[in-house]
Every structure is written in structure tokens, then in C-alpha cells.
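Good morning, everyone. Please have the sequence and the model open while I talk. I will go through it piece by piece.

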Amino acid sequence: MQLSFVNALLRPRAHLGLRVSRTFSTAPVNFSRRVPKSCLASEVTSSPLCNSWLYRRCYSVVAQRKPAVLHSLEPRFFSANAFHGAAQTSQLPVLAPPAVGRWLLFSSAMVFAVIVVGGVTRLTESGLSITEWKPITGIIPPMNAEDWSVEFEKYKATPEFKLLNHSITLDEFKNIFYMEWGHRVLGRLIGIAFVVPLAYFGLRKKLTASMPMQLTGMALLIGFQGFLGWYMVKSGLEDSIMDTPGAVPRVSQYRLAAHLGTAVVLYAGMLGTGLAAIKDWRYARGGSWSGSSTMNWQNVLSNPVVKRFSRLSKGLSALVFLTALSGAFVAGLDAGLLYNEFPLMGGRLAPPMDDLFSSAYAKNADGSDIWWRNIFENPTTVQFDHRVLAMTTYLSTCLLFVYSRRPVIRALLPPFARTSVTAAFAMANVQVLLGLATLLYLVPVPIAAAHQAGSIALLSTMVHLLVSLRRPGLAAQMWRKAGMQAKSSGL
């Protein structure tokens with residue numbers, strides 16, 4: 001009798017009517033049915049063992065035992081894993097992971113570096129030191145004295161050597177050769193560092209729906225850059241330069257501007273896409289939008305004031321790009337060596353019209369091309385245009401910054417956008433100082449290279465501003481919605 005009673009008390013699940021399964025079940029489980037303590041006490045006290053020590057011990061064990069709980073249903077499970085669960089159980093579109101964004105940012109940093117190295121190559125007049133384009137074998141420099149002698153002889157046949165560097169030594173030639181060689185090798189490394197991860201992420205299906213076409217276009221643009229770079233160098237190796245009185249061996253300013261412009265577009269595309277991928281991932285996982293956890297991006301971006309601010313930002317970005325492009329014409333024509341004073345040019349705010357639009361640059365008999373040829377081929381006009389564009393860009397950046405500081409605008413803009421405008425204003429001031437130093441000190445290589453890098457840095461702040469004012473990608477929106485639904489259902 002005592003053993004039967006003890007066995008019954010030591011089986012609390014069966015005694016209390018509770019069932020616990022080791023496997024998870026989606027069927028509703030009723031944990032509310034419990035045997036009241038009063039009923040249990042009445043049943044036990046009716047036993048002849050009510051006054052025994054065994055009764056008191058077994059009663060305390062049963063009375064204090066709590067019902068079993070399925071831990072997988074606890075709120076902490078959903079709060080920690082809601083977004084993971086949504087991604088695993090729902091048919092959601094592909095969302096690029098942070099690794100894709102970091103890869104694109106690294107690629108953009110490499111493009112930034114090659115732009116600066118290209119500027120130094122131009123400033124040191126090293127770009128015409130390699131007279132051939134060998135995409136594969138050209139990665140190996142001369143390895144012995146005989147190889148160097150062959151390369152040097154090729155350079156001696158160029159107009160640059162005959163007109164400018166006829167007294168250059170082999171050691172001096174090696175310096176300019178390695179500068180151009182480093183620029184070309186860096187370009188090839190960019191291609192490898194971009195195409196190989198692109199193929200990997202594409203095969204692993206790690207790219208958002210809109211990315212494959214965009215990134216494939218960037219890859220093609222990298223290849224086109226290699227061809228365009230050689231097309232530019234080739235313009236400075238033509239023997240026709242020897243027949244032109246007063247001509248200076250240099251690459252075509254048109255091709256130089258195209259080469260730089262393509263690199264800048266490539267850089268901005270990589271930077272913007274990389275930033276957008278990282279921000280979309282954070283937003284999809286429940287993070288804030290553009291640095292604000294309280295703002296609703298739909299309300300912000302639909303506001304007419306923010307729309308107008310976004311249009312102004314896009315216009316300023318285009319102006320920054322145009323100013324950088326005009327700098328390529330200044331570099332291609334060595335226009336920075338003229339009028340080394342500011343704000344005047346030859347004692348005047350603007351040079352005489354005869355200097356700005358000289359008939360000497362017109363090639364048509366009727367002079368119909370005098371306007372555009374002076375704008376792109378006259379060093380005086382090119383420098384004047386660059387000054388006007390630079391000051392317009394600076395004043396526009398200042399006005400946009402002041403506009404963003406207004407209380408009404410400041411309250412509407414997300415934090416990242418306000419930070420980007422402030423960074424753009426600060427970088428514009430630095431860029432103006434670098435430009436003035438480059439002009440007044442007759443284009444020293446370190447300052448001029450920093451000036452070119454500053455233009456890309458200023459454009460970077462504008463790209464970040466535009467990304468801060470974009471709506472999250474469709475895939476990120478769907479992931480966030482699914483994650484929030486899973487989280488709310490778990491709670």
C-alpha cells in the first residue's frame with residue numbers, strides 16, 4: 001500500500017494530467033489544467049499515511065513542482081532570432097550580405113588610389129615612358145640590363161625624348177618607367193580584385209536582383225579603362241607632333257578627360273553601390289534608416305522640402321564632377337602654369353576677350369569653331385573656366401550647408417544626411433585651399449596630387465549624401481517586413 005502511494009506521487013506528470021513532448025509541435029498545448037493544491041491536499045490527507053514522514057516529504061515535492069515549459073516558445077527566442085527565422089522560412093528575394101558591400105568599398109578605394117597615382121604620373125611626365133601596351137606580359141618589368149636597354153631605346157624614338165628629355169639618363173628613365181608601370185599594374189589588380197569576387201558572389205547567388213547588371217557594367221568599364229588609357233598614351237607618341245611648330249609632347253586633353261571621367265564614374269558607382277548594400281543589410285535586420293530610429297523614410301522622402309533638398313544635392317554632385325573633369329583639361333594643357341595669381345588673372349578679374357577666344361585656335365576657314373575650340377584647347381580659357389566652376393562649386397556647397405542648418409530643414413533631414421552635408425562643406429574648404437596653393441606655387445607635385453585627391457574626396461561626401469537620402473531597396477524592405485512579422489508573432 002505504501003509503495004503504490006509513493007509511486008503515484010513520484011509520477012507528477014501523470015498524476016497532474018500534464019504531457020510534455022520532446023519534439024516541437026505546432027498544435028496548441030494547454031498548460032492551464034492543473035490540479036489545485038487544495039484537491040491534492042484533500043486526497044492525500046485522506047490517506048492513512050497523512051501523519052507519516054514519508055507523506056510530508058512527498059507532498060512537498062509534488063506541491064512545489066512547476067509545469068513543464070517549451071523553451072522554444074519563450075519570448076527571448078523570437079527577440080533574438082526573429083529576423084533569422086524569417087529569412088529561413090519565407091520565400092524572400094536575395095539580399096546582398098555585408099561582404100558584398102565591403103568588397104565594393106575596397107574596390108572603390110583601389111580606384112581612388114589609381115586616380116591619385118595617375119595624377120602623379122601625369123604631373124611627373126611619366127605617362128609616355130612605356131611605348132607599348134601588353135595587357136598580359138606587360139605586368140613584368142625589365143629584369144636585367146639588356147631588357148632595360150631595349151626599353152630605353154624604344155623611349156628614345158618618342159617625340160618626348162627628342163624634344164624634352166634628350167639628356168635623360170638610364171637611371172632617370174627607370175624612375176619615370178616605374179611610375180607608369182605601377183599605374184598600369186594597379187589598374188590590372190583592380191580588374192582582378194573586382195571580376196573574381198563578382199563571379200564568386202554571382203555563382204553563389206549573393207547579389208540583389210539589380211546588382212548583376214550594374215556590377216557587370218562596372219567590370220566592362222574596367223576593361224574599357226585599360227583600352228582608353230592606352231588610347232590616351234598613344235596620342236602622345238605620334239610623330240606628327242614633331243611637325244607642329246611650338247608643340248609640346250603631351251597626351252590629348254580630350255582623351256585624358258575621358259580617361260579620368262570614366263575612372264571617376266567607376267569610383268562613384270562602386271562607392272554608392274557598396275554603401276547602399278551595407279545600409280540595406282542593416283535596415284533589413286531591424287536597424288535604423290540613415291542613422292535615425294524614429295524617422296519613417298516614407299514620410300521623410302515624400303516631403304516636398306526633402307525632395308527639393310535631394311534635387312539640389314544631385315545638382316551639386318553633378319557640378320563637383322564637372323569641375324573635376326575641367327581639371328583634366330587644365331592638367332592636359334598645363335594651364336596651371338599660367339596666371340599664377342588669385343583672384344585676378346593678369347591684373348583683371350577675367351582676361352581680355354581676345355585672349356579667351358583667340359582666332360588662332362579656330363581651324364575652320366569661317367571661324368565657326370572658335371568658341372568650342374577655345375573652351376577646350378586654349379589654356380587661358382581652360383584655366384578661367386576651371387576657376388569659375390571651382391568657385392561656383394564652392395559657393396553652392398556653402399549655400400547647401402547653410403540651407404541644411406535651417407531649423408525646419410534640419411528637423412526633416414536624417415542624421416547621416418546632415419553629417420554628409422557638413423563633411424562636404426569642410427572638404428570644399430580644404431579643396432579651395434589646395435587649389436590656391438597649387439596655382440600660387442606653380443603646380444608642385446605633392447600639392448597638385450592632393451588637390452586631385454581632394455576633388456574625389458569631395459565627390460565621395462556627395463555620394464554618401466545621396467545614399468543617405470535614398471529609400472531602402474525592395475529586398476531590404478521585404479526582409480525587414482518579414483522579420484518584424486516573425487518577431488511580433490513570437491511575442
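Let's begin with one residue. Thr393 has its place in helix α16. Helices here are DSSP runs of H or I with at least four residues, strands are runs of E with at least two, and both are numbered from the N terminus. Thr393 counts as buried, at 5% relative accessibility. Some cut-offs: buried means under 20% relative accessible area, exposed means over 50%, and partly exposed is in between, with a 1.4 Å probe and protein chains only. Leaving aside residues up to four places away in sequence, Thr393 touches Leu316, Leu319, Val320, Thr323 and Leu458. Touching, or contact, means heavy atoms within 4.5 Å.

A word on the source. This is a predicted model, where local features need pLDDT of at least 70 and side-chain atom pairs count only at pLDDT 80 or more, while totals for chains, interfaces and linings use all residues. Residues are numbered from 1 along each chain as its sequence is written, and side-chain values use heavy atoms, with hydrogens and water left out.

Stay on α16. Ser404 also lies in this helix, which covers residues 379-404. Is Ser404 buried or exposed? Ser404 is buried, with a relative accessible area of 4%. Its contacts are Phe309, Ile409, Arg410, Leu413 and Val421, again not counting residues up to four places away in sequence. Now look at Thr422. Ser404 and Thr422 are 18 residues apart in sequence, and their C-alpha atoms are 8.9 Å apart in space.

Now the whole protein. How many helices and strands does it have? There are 20 helices and 0 strands. Of the 491 residues, 42% are buried. Take the contacts between residues at least 6 apart in sequence: 80% of them join residues at least 24 apart. The protein exposes about 26,900 Å², and carbon and sulfur atoms supply 63% of that. Those areas come from the Shrake-Rupley method with a 1.4 Å probe, and for residues only the protein chains shown count as cover.

Start with α11, residues 253-284. At 1.5 Å a residue, its 32 residues should span 46 Å, and the end C-alpha atoms are 46 Å apart, which agrees. The expected span is 1.5 Å times one less than the number of residues. In α11, 25 of the 32 residues are buried, so the helix is largely enclosed by the rest of the structure. At the start of α11, a side-chain oxygen of Ser252 comes within 3.3 Å of the backbone nitrogen of Tyr254. Just after α11, Gly286 has a positive phi of about 95°.

Compare α6. After α6 comes Glu125, with a positive phi near 55°.

On to charges. A search of the whole structure finds 10 salt bridges. A salt bridge is a side-chain nitrogen of Lys or Arg within 4 Å of a carboxyl oxygen of Asp or Glu. Arg184 forms one with Glu180, with the closest N and O atoms 2.8 Å apart. These two are 4 residues apart in helix α9 (residues 170-203), so about one helical turn separates them. Both Arg184 and Glu180 are buried.

Then there is a network. Which residues are in it? Salt bridges link Glu132, Lys134, Glu151 and Lys154. Lys134 meets Glu132 at 3.3 Å, N to O. Lys154 meets Glu132 at 2.9 Å, N to O. Lys154 is in helix α7 and Glu132 is in the loop between α6 and α7, so this pair ties together parts 22 residues apart in sequence.

Last stop: Trp133. Trp133 lies in the loop between α6 (98-123) and α7 (145-156). Trp133 is partly exposed, with a relative accessible area of 35%. With Phe224, Phe227 and Tyr231, Trp133 forms a nonpolar patch on the surface, about 390 Å² of accessible area together. Patches are made of residues with over 30% relative accessible area and no salt bridge; like charges are joined within 9 Å, and nonpolar side chains (Val, Leu, Ile, Met, Phe, Trp, Tyr) within 5 Å.

Thank you.

Terms used:
Polar contact = N/O pair within 3.5 Å; in protein donor to acceptor, adjacent residues only side chain to side chain.
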